[in-house]
Structure formats: C-alpha cells, structure tokens
Amino acid sequence: MKNSEKLRIPQSALSFLRSVAGAAGGLAIGLMICTIAGESPGKVLTVLVNSSFGSGYDFGMTLFYTSYFILTGLAVAIPFKSGLFNIGGEGQLTIGALAAAWAGVAGAGIESHALAILFATLAAFIAGGIWGAIPGYLKARRGSHEVITTIMMNFIAAGVTSYFTLYALKDPDSSQAETIPLSTVFQLKPFAVFNGAPMGGLIIALAVMTCVLHLVLRNSVWGYRLKATGENETAASTFGIAAPASWLSSMFVAGGIAGLTGLVEVLGNSHRFKIGFSSDYGFVGIAVALVARGNILGILPSAFLFGVLQKGAGSLDLETDKVTRDLTYIIQGLIILGVASDGIWDWFSSIWRKRNA
Amino acid sequence: MNAIEFRKVTKKFGGFTANRDLSFTVKKGSIHGLIGENGAGKSTAMKVLFGIHPADSGEILIEDRVVRITNPVHAMRMGIGMVHQHFMLAGPETVLDNIILGHEPGRVFVGRARAEAELRAIAKTYGLDFDRWDRPVSELSVGEQQRVEILKLLYQKSKVLILDEPTAVLTPQEVKDLFGNLVRLKEEGKTIILISHKLKEVLGYCDEITVIRRGETVGSRKASETDDSELARMMVGRDVSFTYQGERKVFANMSDAKPVVRVSRLSITSTTEPLREVSFELKPGEILGVAGVQGNGQSTLLRALSHPSLHAKNWSGEYLLNGRDQSGSDPIVLRNAGVGLVPEDRLSEGLLLNQDMTENFLLGQHEDPRYSKGGFLLRTKARAVTESKIKEFDIRPPYPTVWTGRMSGGNQQKLVIARALDPGPSVLYVAHPTRGVDVGAIEKIHDAIVQERNRGKAILLFSSELDELMDLCDRMLVFYNGGIRAEFARPDFDPWAIGRVMGGGDR
C-alpha cells in the first residue's frame, strides 16, 4: 500500500504511458515477425524511420498522412463520448472533400484567399456534418443502430460522390474520374521545408483545433452532456439531458471534422476531388481513436504513429526483399492489440503486489 | 453437526482487509443469517466460501472436515451453491436449459426429457412448482427468476444454499413466498445462509444470526434470544433508533398555507402502469407519503412530476408548481423552479457510476448558474461544494475523486440526496430513500428529510416501506390501480387499515 502511494501517478498520465508501452510492445512483436519472414528487424526499422523522417519531403508526407488521421480519429472519438460508435468516417470524409471541391467551382468568382478558404472549410464541415448527423437523427428518432446506419451511409456517400465526379462536377479536360480543378485562391500553400510534400500550416491548425476540442469537451456544458449520455442514458435523461440532442450534436461535429479532410486532400494536395483518394483513412480513424483510448489529446500522438506507418508502408515494398507494405498493417494490428490489452497491466500489477506482499 | 465452519479466515485485497479472523459456525439444517452494514465483508466471506476469492489464511470446515476450496466449480462439487444478488441467467433461454446448463444429464445429447422428469420430482419435493419449463427466463417475474436460481442449486444437489440479499428486488408478496420456500427447504434438510441487512427478515426466519462489522465477527445470536435493537447495535457499533427521534416542528395555520404543488385530475394513459385522475395538494412544511403495492401508479406519478415532457403525449390534467403550469416541462426547468429529485433507482437513474463524485454532483445542476458560466462548467467550485457536502453528509470514502460505482449503496444514496438538497429546493420528490441502505445510514437520511420539512420544504415521499412512511409522513396517500384510494393523516396511521387499502379493500 505504501509503495503504491509513493508511486502515485495521475490516472491520465498512467493511461498514456500504458498506451505507449502497448504500442512499443506491438511494434516489437511486429519486428519479430519480420525475422520469421527472413528480413532483419533492424533493416525494417531503418526503412520505416528513414521513410518517415529521412528528408524534409518524407517528414512532410508523414505529417500529411497524420493530418488525415487526426481528423478521422476525432470523428470516432467525439461520438464515442456520447456512447456512439461512428464507423461512417469514410463516408463523411468523402462527402466533405466533395463539398470542398464543389466550393471551388461554386466560388470561382471569389478573389480573396482567406475568404475562399473559409468558404471551402464551411462547405466541407457542413456537408460532412450533415452526413454524420443523419445516422445521429435516425438513432435519436428511430433507435436505429448507428453502426449499421453509418456503414450504409459510407456506401451511399461513395455513390453520391461518383455521380458528382462523373457528371455534375466533371472536369471536361480530363480522362480521369475527377472534378474541375480549383483556382489558385483556393489552394493551400505547402511549407518550403517539406520540399514539395503537400503540407503547410494546416497541420498546426489541426493540432490547435484538437487542443481546443479537448478543452471544450472536458469543460463545457455540452461536453458534460455528451459524457453523461454516454455513461448512463437513463440517469442523464432523468436529470434533464436529452440523449437525442447529445447524439445529434456529437455526430454532426464528428461528421464535420471528418469532412475537413477536404482541406487536406482537395485544397492542400490534388486541388480537385478524385474518386478513391482515400485509402480507408476513415476506417484507420477507428484504430487511431482506439490507440488514443478515446482521449481527444491522445489523438495527436496516435495519429502521428499511424502517419509514420502509412508513410513507411510504401517504402517497405520498394526497399526490402522479403516483406511488403502488408507488414505495416500487421504492425498496426499488433499495436492496437498491445494498446487494447488492458488486462495485461492488471496481471502485471497483481504479480507485483504478490511479490511485495 | 455443523454444515459450515469458518475459523479465523482472513482475506485481503491489496492493503485492504475485507475479512479479519472471521469465525462462525452454521448448523446443518438451519437458516443462518449473516448480517452487517454495506461493505462489512459479508459478501466477501461468502465469496471465500464459494471459492471465488480463496482465503489468505484461516480454515474452512464443511461437515466438520477441513477443506480448501479454490474455485466455484470445486465449491459446487462440495455441495455449496450460491444465488447471487444479480441473477446469473441467460434471458432468451428456457427455464429448463438455464437450470441444467453445465450439468446436462446426457453425454452426447442434452437429455432434456430426463432432466425435466428429475426436475419435476425435485420441484415436488420442495414445493417449488413450475408449470412451464419451456418458457424463456426473460418472460418470468423477478420472483420466478429467483426460483429458477434456487432450482438450479437443488438440481446440482447443493446441500448449502447461499442467498445474497435475496429480497432486495422482490415485492412483499414475493418475499413472503420466498421465505415460505426457504422454510420448506430447511425442513427437507438443506442448510441456508442468508446475507441481508434487513433485520426484520433475519429475525423472522433465521435460526441463528451472525453479525459482521468491518470484516470481523461481532458475535452470533439465536434469533429467539435477540432483538432488532441489539442486532443493530452490533452492526453499527452504537445505539441506533429505528424511528425518527429528533424534533418535529409544528407549523401553525397549515390549512391556510398555499400549496407548493397542486395536481388535479392527472391521468397518464397508454403506459404499463397508468395513472388515473390523481388529485392532491402538497404544502410547505409537510411530508406527504405515497404508499401502495409496487405497480399501482406510484412510479408513473413520480416520473410524470419529475419529467412531464416525457409524458406529453399521454398527459391530461393539471400540474401546478407555485401556481405555474408545469405540464410539458423538462427536468432542468423544474430544477430551476425549485424541485429536488431523488429518483427511484439510484444506480440506473441517479448516478454515472464510472465518474467521480464531483461529476455526479453536477448531474442536473450542470446548467445551474452557480456551477456553469457562458456554457462552461465551474468545476473548481463544484468540487469545493462537493467536498463540503461530503463532510455534511458523512459520505465515505471522503474524497470527491472517488468513482461512485465503487461506493457502497448507502453512501451513493447520501450523495444523491445531498445533490437534491443542494439548491435549497422548495419541493422535494424523494423515492425509496433508504432502499438497499444499511441501518446507520438510514438514520442519517431520515434525519435529513425531516430537517428539510422543518425548514418549510414540501416533500413528496415515495416508499415501499410502510414503517418508513408512518414514521416520517404528515399525511399519506395510498395508491391502488392507478388512483388514490385513501388518504391517512398523522397520527392516525393504522398499518392494518393501510394494508387493507393497499390490497384494494376498504379501510
């Protein structure tokens, strides 16, 4: 008892340390698997590190992927506070990105850069938000399970974006399935240090946004309502917190944030909407939120970790003989397992206690 | 012969000693009561016996032989069975399948026919009749589910049956049936250990009673040689009174006082427990009791009064609070209008169990200008007030950062009551304030309620404990079939007359 009092660490810090240790454990096991595959773990690690941090361009790309995962991770973590599991990040982000591309077409007359960015941001947020709010509404009104409805909304989103990309917003000068390119006022400029990687001030804005969201969810009445609904819907309702309002608002904000992917991809990278630009970033967001244990601030390091793995995946294909990008997916899976296996820690502490008893 | 004997059993969890040198004997073929306050270590002792938490030191004897029980399967093989407070049943499965689960008679096939025949014989022997073995358990009443649990133990040929707080979830009629069954089981030679903190029940049906306080045995008494005040003193460690001993302020001109709450011809239809044309007035400085057998409209009345907007569709009638219409209001509006609420079930309706005391204290007050400003919570202040309430109500453990799910029932309830009283409400709706609460805490909660009355608050008290209502109330409404069947006024509370009206008869 005395020992544990001496070593008392704040719960949140402890939880963070556990996540880090879990992630490290997962990575270690992943590297062991390389050995079985016949590749030296040292080489794999070197490739991963070099690929993510090796040059200004590499690091810029890592941050580029990180920015996706911050958004999609938040889109899972926020509804989770109110007890909902949002699997619809993928659909919400495609709709948001399409809306950003639409804003570029509809706002072709805008001349101010700031105004153009604001317009596109609003379009992406609102479109994604509505896409997220629909399952929220169905849950509130009809009790439809959000896991089912958000997944179905992903398919609908894919259909809707295909239509707009192939017909309404199609770029007549292109043979690809993509929308009309944005004018330069709508384009986000990358930092020169990143040597051509499509990443600029946006990553800073996203980090600030995450911190603000953390404070808002923790300290605001709205955040309290979400938490109370997520914890005990009946008790919340008995004391005047209506679950439908919590569900609707958390899903709107989550969808909106997923929709901001439009800024990363459309405004920052390809300057148009391309079908299939997202390689399941919305689903990776579930893993990001899981590794962050639903903690809003934890999304930042977690998204960065997944950014590194995403960036390294391509290089593993090229620079090693025996392993491919699939290894990074194995590592991702092992990291999630490592972080999620809470029971291990209780097991450790019970052994520790027995030894000290 | 002794069925069970504990010799100096000690069980520690980390630095916390749940049982210290616990010693007592349970005679074969008796009903043995194990009583103590919440958290005294009764359940731990039984979990030690059942092999869930093996003891750290000490000996356990079964039929006078020292045994070492390391897991529940082992315990079951030794003839010990346990009915947990929360039943361990698979809802969608049938009664039969639930009973034989893990003990199917056949090797390849289940052998349901054989099992059913055997069960019929058992049920007949012990008088636990069941007409349909193929009904899903989820369709049964709580009392019937409990009977399934008991049958499960009998089917496994348990000789010692442990029942953990078996009456907490039962209606009075079901309680009567349960004890009838237990007496029959005893007559057939079974040994029963009853964990409880209801003194009346253990005194009425047990042969011998062992009292535990803070993990230690205080002593054992024959039921015929003790009484409730001795047991309560043993449990709490000081004298406890079962009736309110403090001052009861007399208000002059009660008949002229303006009512705080006025309900007239309130009906809530299309629910499982409808309310029919209920009218009453609640005045400052009085405690108005709501009595009745569970399910006669009291729950609906409480929900309607505390959350009218939820019943807007089925609402008819008038609900005035200080002269203002409240039909259609939500709980936040009512709170601002001066309503304090202690809901029926603190676990499902009153608390966020994975949150600390401060967060729970804020529930329902999160929009109160004292605790929030500009859409943000004033947590530092809420925490300071929570700390002062912890002192005022003697809530334990006394730290605002403790999760409420880890607190005992009595302390949880004190927090719920402290929260209801915090804004200095003009009217209080209090439901089952002492349900599942031990004697020491009951005294404090009763004191707090009457003191609020003395301060001129209007209190509507819902309870299934007639003794509690008779002790605290100024007037009492008896509900039957969704309506008020009779009204009684202090001091003319005749329990027999009230009981007759509760059953639908006349006074």
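In helix α1 of chain B, B:Lys42, B:Ser43, B:Thr44, B:Ala45, B:Met46, B:Lys47, B:Val48 and B:Leu49 are buried; a residue counts as buried if 20 or more other C-beta atoms, placed from the backbone, lie within 10 Å of its own. This helix (residues 42-49) is mostly covered, with eight of its eight residues buried. B:Gly51 follows α1(B) and has a positive phi, near 85°. Helices here are DSSP runs of H or I with at least four residues, strands are runs of E with at least two, and both are numbered from the N terminus.

The model is predicted: local features need pLDDT of at least 70, side-chain atom pairs count only at pLDDT 80 or more, and totals for chains, interfaces and linings use all residues. Residues are numbered from 1 along each chain as its sequence is written, while chains are lettered from A and ligands numbered from 1 in the order in which they are written.

An open sheet with mixed pairing is made of six strands of chain B in the order β16-β19-β20-β13-β21-β22. The edges are held by β16 (339-342) and β22 (483-489) of chain B, each with a single partner strand, so one side of each has no neighbour in the sheet. On average, neighbouring strands of this sheet are turned by 15° against each other, direction ignored. β16(B) pairs with β19 (residues 427-431) of chain B in the parallel sense over four bridges, and the bridge partner of B:Gly340 in β19(B) is B:Leu428. Helix α14 (residues 409-421) of chain B packs on the sheet, touching β16 and β19 of chain B, and its direction makes about 170° with that of β16(B). Helix α17 (residues 495-502) of chain B lies across β13 (287-291), β21 (475-480) and β22 of chain B, at about 30° to β21(B). Axes are lines fitted to C-alpha atoms, for helices over the stretch in contact, and angles run from 0 to 180 degrees between N-to-C directions.

In chain A, the axes of helices α4 (residues 56-81) and α14 (residues 299-319) come within 7 Å and cross at roughly 130°. This makes α4(A) oblique to α14(A), the class left after angles under 35 degrees (roughly parallel), over 145 (roughly antiparallel) and 65 to 115 (roughly perpendicular). Among the residues that meet are A:Phe69 and A:Ile70 in α4(A) and A:Phe304 and A:Phe306 in α14(A).

The contact between the chains takes 15 residues from chain A and 25 residues from chain B, contact being defined by C-beta atoms, placed from the backbone, within 7 Å. On the side of chain A, α9 (221-231) and α10 (233-238) each give two or more residues, and α9(A) supplies the largest share, five residues.

Notes
Contact = placed C-beta atoms within 7 Å. Pairing = 2+ DSSP bridges. Buried ≥ 20, exposed ≤ 12 C-beta atoms within 10 Å, placed from the backbone.
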